[in-house]
Amino acid sequence: MALPYLPGNSFNKSLGKEKFHKSHHFDYCNDVSMLVGEQKPGIGGELLLGQKKQPKHSVFPKGEGSNAPAWVAFDRQVLCFQAYFQEAVHEKREEQYRIRGCKIYFYLEDDSIQVIEPQVKNSGIPQGTLIRRHRVPLPAPRDDEYYTVEHFNVGNELILYGRKFKLTDCDVFTKNFLRKLGVRVNTPDTVPKDPYSNLRNEMEESMQALRPYERTDTLKQFLDHDRHVLRFECYWDDADSMFGDTREMVLHYFLADDTIEIREVIPPNSGRDAVPVFLKRARLPKSAPLPLRQPGEKTDRTVLNVFGPMGHGGRYILDSLKTGAVYEDFYTSADLVIGAVVNVWGRKLVLCGCDNFTKEYYKTKFGLNDSFTPIKYKSDPVMKVPRPMPPYNGFGSEEDSLCSCMGLIPKPPQRDFIKFMEKDSNVLRLVAYMATDNPIDKDRKFIVSYFLSDDTISFFEPPQRNSGIIGGKFLERGRIKKPNQDLFKSEMSEYFTAADLFVGAKVVFNNFDFVITDADEYAFRYMEQHSNEFPQANLSLILEKMRKATKEKSKDVKEFFVLNDPDNSGTIRYESLRNMLAQMGSFSEHEIMTVGRHYAHREPEEVDMQLILAVAQEKLKKKNFEDFVRLQEAFSFEDCGNTGKLAAGELRTICRAFKFPLPEDVLQLLIKKLSCEGRVDYNDFVSKLNWRENPVEAVQYQNLPIKFDASWSGGDLTKSASVSKVGYASLIEDIFGKQDS
């Protein structure tokens with residue numbers, strides 16, 4: 001029994017209430033005070049008397065599914081409905097209304113609606129997207145609410161901006177989704193027929209021809225074989241006529257319309273005009289030339305009978321069989337085979353060859369396989385007698401003199417511009433001594449520079465103290481001829497190339513004998529990288545040469561390596577390997593050095609940490625890099641576990657993304673030195689690179705000279721470039737194969 005609503009008998013409704021805020025109902029709009037919160041609740045979010053809460057979005061029943069919001073749970077899920085609307089047509093006798101079909105899409109993630117009308121041929125109406133995707137309000141007086149999923153079902157009518165759309169059907173996904181919501185999907189309805197569309201279809205059907213007048217479908221032939229052309233090589237023997245000869249032709253047969261075009265192949269200096277075509281493209285009759293026809297005898301169409309008077313009021317029937325037509329026999333693809341004679345308006349052309357497409361076409365259509373043997377109709381070309389060139393007269397270069405003999409207007413010799421661009425600034429430098437018994441000249445050392453861009457050579461003699469010879473330029477840069485060649489001859493002289501210069505080679509430059517004894521590191525590397533041009537630096541050729549030389553001495557060679565390795569370290573001294581290969585007598589000094597360089601055993605050099613930090617801080621100073629705080633913050637952000645360490649790969653990636661101005665080799669070496677088990681203490685890394693707070697004393701250092709160095713004087717600038725020990729285990733395996741232990 002409820003208590004009466006009297007003072008003292010009612011409960012306080014505010015007990016347990018925590019929210020007492022008021023909703024914002026009044027505001028100014030265009031400087032006018034007005035009510036803006038009609039649908040807002042009262043104090044604490046409670047509804048006012050007579051107020052109903054209107055849903056702003058679709059409300060889906062909660063089940064066992066995900067509790068994610070609609071824009072996540074229904075992402076890319078759309079309800080699709082087939083619909084139509086009726087549009088009135090004014091001031092037109094043929095139609096009073098039109099039925100326009102369309103598709104309505106309802107996006108579940110945000111309750112937006114999109115209406116699209118499919119394109120109809122020759123409709124005369126702008127079609128496509130009728131309503132762009134957005135939330136559509138309900139019709140007045142409920143225009144403050146929007147359409148939700150509850151308004152959609154097959155058979156419902158929707159009023160979208162004044163147009164009434166009726167939903168007639170939906171897809172399978174929409175049916176399943178509505179059933180899961182507990183909605184009973186109605187039976188699909190049919191779209192009413194549009195009277196005007198039916199009228200247009202009847203008119204189009206009436207305009208279609210019931211049967212073609214022509215028996216052959218030329219349109220199908222054109223669509224199937226457009227741009228398909230058969231090509232035959234042929235000739236016309238016109239030797240019987242005065243001043244006639246054999247003329248070479250090319251016959252093109254166009255499969256699209258059975259037309260033929262003939263072009264003449266005019267050789268150079270033949271005295272004939274370069275006519276574009278010999279026969280214009282057209283259908284070629286077999287019995288040409290044809291007799292002249294009377295007017296009206298040859299027509300495109302023939303009439304079978306005529307009823308009634310001639311002219312107005314008469315009727316006639318077209319003869320589809322063409323019984324009274326004049327027939328002419330034209331060449332087709334079945335008439336063109338190799339060896340056939342084609343009558344081209346009285347000229348006999350013999351087909352003697354075809355291309356690959358023509359062969360495949362005849363194999364596919366006619367099953368011909370052995371009918372493509374070409375017919376020889378031209379005599380073998382006469383061997384050209386080489387034109388003798390006058391001997392070199394001694395003026396200018398040989399190339400310049402030869403160009404003056406090529407034409408009336410002399411042209412300068414062409415320079416190999418591609419070679420110049422590819423190998424510009426590539427210079428091979430070697431050390432050479434004079435091969436003489438003169439005690440003054442035999443100790444003279446020369447630097448030979450070979451320029452790969454233009455095959456020129458220059459000599460420079462470094463000054464030596466107390467030698468009595470003033471050093472300097474010994475030979476101007478230019479190409480050098482090989483010895484024992486005549487000066488005045490018709491053939492071009494042979495010049496020294498890069499392959500002729502290697503360590504151990506004995507060369508004669510301008511009647512001076514030289515022996516090449518050494519080269520710089522760049523020359524050795526270039527020859528090894530281009531071993532196909534330098535046989536002395538081709539390791540595979542050298543190993544094959546060693547296999548042949550030690551074919552029957554494999555046991556002695558292995559014992560030699562073991563005896564010269566008393567420590568059993570797997571290496572021998574380079575001098576021992578050189579003496580063994582030099583005793584065989586067939587190996588040059590460069591080949592021996594190539595083997596030693598490839599199998600060299602070098603101890604890993606320890607790089608001073610102080611030197612690395614000095615180089616790194618100097619690079620950072622030059623780039624004015626001082627943002628170490630942000631760099632350390634970036635490292636800390638990636639360190640999720642707050643361990644103070646990062647993997648070496650992650651630290652390098654952050655440095656590269658941070659545009660850390662350090663060269664890649666210096667950064668890699670620094671990370672390698674500071675890493676412990678693949679992880680780097682990034683606080684220590686940043687602290688050591690901070691040249692403001694922890695400066696390191698500058699250290700003088702020098703980069704390894706790999707490319708051209710003008711100050712090189714014939715000696716190795718680094719001790720690491722020389723080879724002291726050679727690992728013979730891999731050398732024996734490459735020569736004699738892998739041996740079972």
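**Helix packing and strand pairing in the predicted model**

Helix α13 (residues 609-622) packs against helix α16 (residues 664-674) with an angle of about 140° between them and an axis separation of 10 Å. The structure described here is a predicted model. The two helices α13 and α16 are therefore oblique to each other, since angles over 145 degrees would be needed for them to count as roughly antiparallel. Their crossing is left-handed. On the α13 side, the contact involves Met-609, Ile-612, Leu-613, Val-615 and Ala-616, which meet Val-666, Leu-669, Leu-670, Lys-673 and Leu-674 of α16. Classified by residue type, this contact of α13 with α16 comprises nine nonpolar residues, no polar residues and one charged residue.

Helix α16 also packs with helix α15 (residues 648-657); here the axes come within 11 Å and cross at roughly 145°. The crossing of α15 and α16 is right-handed. From α15, the residues Ala-648, Leu-651, Arg-652, Cys-655 and Arg-656 take part, and from α16 the residues Glu-664, Leu-667, Gln-668 and Ile-671. The contact of α15 with α16 contains five nonpolar, one polar and three charged residues.

An open sheet is formed by six strands in the order β6-β5-β4-β3-β8-β7, with antiparallel pairing. Val-78 has Tyr-107 of β4 as its bridge partner. Helix α2 (residues 172-180) packs on the sheet, where it touches β3 and β8 (163-170), and the direction of α2 makes about 110° with that of β3.

Arg-76 is located in the loop between α1 (70-73) and β3. With a relative accessibility of 76%, Arg-76 counts as exposed. Arg-76 and Leu-108 are separated by 32 residues in sequence, while their C-alpha atoms lie 8.1 Å apart. Val-59 occupies the loop between β2 (32-35) and α1. Val-59 likewise counts as exposed, at 55% relative accessibility, because the threshold for exposure is over 50%. For Val-59 and Thr-148, a sequence separation of 89 residues corresponds to a C-alpha to C-alpha distance of 8.2 Å.

Strand β10 (residues 246-254) has seven of its nine residues buried, so it is largely enclosed by the rest of the structure. Strand β9 (residues 229-237) pairs with β10 in the antiparallel sense over nine bridges, and Glu-233 stands opposite Val-250 of β10. Strand β11 (residues 259-264) also runs antiparallel to β10, to which it is joined by six bridges. Tyr-253 has Ile-260 of β11 as its bridge partner. Four residues lie between the strands in the hairpin of β10 and β11, in which Asp-258 adopts a positive phi near 60°.

Strand β18 (residues 445-451) is mostly covered, with seven of its seven residues buried. Lys-445, Ile-447, Ser-449 and Phe-451 point one way from β18, whereas Phe-446, Val-448 and Tyr-450 point the other way, and all are buried. Strand β17 (residues 427-434) runs antiparallel to β18, and seven bridges join the two; Val-427 stands opposite Phe-451 of β18. The antiparallel pairing of β18 with strand β19 (residues 456-461) extends over five bridges, and Ile-457 of β19 is the bridge partner of Tyr-450. A hairpin is formed by β18 and β19, with four residues between them, and Asp-455 in the turn has a positive phi of about 60°.

When residues up to four places away in sequence are not counted, Ser-449 touches Val-427, Leu-428, Arg-429, Thr-456, Ile-457 and Ser-458.

Conventions
Residues are numbered from 1 along each chain as its sequence is written. This is a predicted model: local features need pLDDT of at least 70, side-chain atom pairs count only at pLDDT 80 or more; totals for chains, interfaces and linings use all residues. Side-chain values use heavy atoms; hydrogens and water are left out. Axes are lines fitted to C-alpha atoms, for helices over the stretch in contact, and angles run from 0 to 180 degrees between N-to-C directions. Angles under 35 degrees count as roughly parallel, over 145 as roughly antiparallel, 65 to 115 as roughly perpendicular and the rest as oblique. A crossing is left-handed if the near helix is turned anticlockwise from the far one by less than a right angle, and right-handed if clockwise. Contact means heavy atoms within 4.5 Å. Ala, Val, Leu, Ile, Met, Phe, Trp, Tyr, Cys and Pro count as nonpolar, Asp, Glu, Lys and Arg as charged, and the others, Gly among them, as polar. Two strands pair if DSSP finds at least two bridges between them. Buried means under 20% relative accessible area, exposed over 50%, partly exposed in between (1.4 Å probe, protein chains only).
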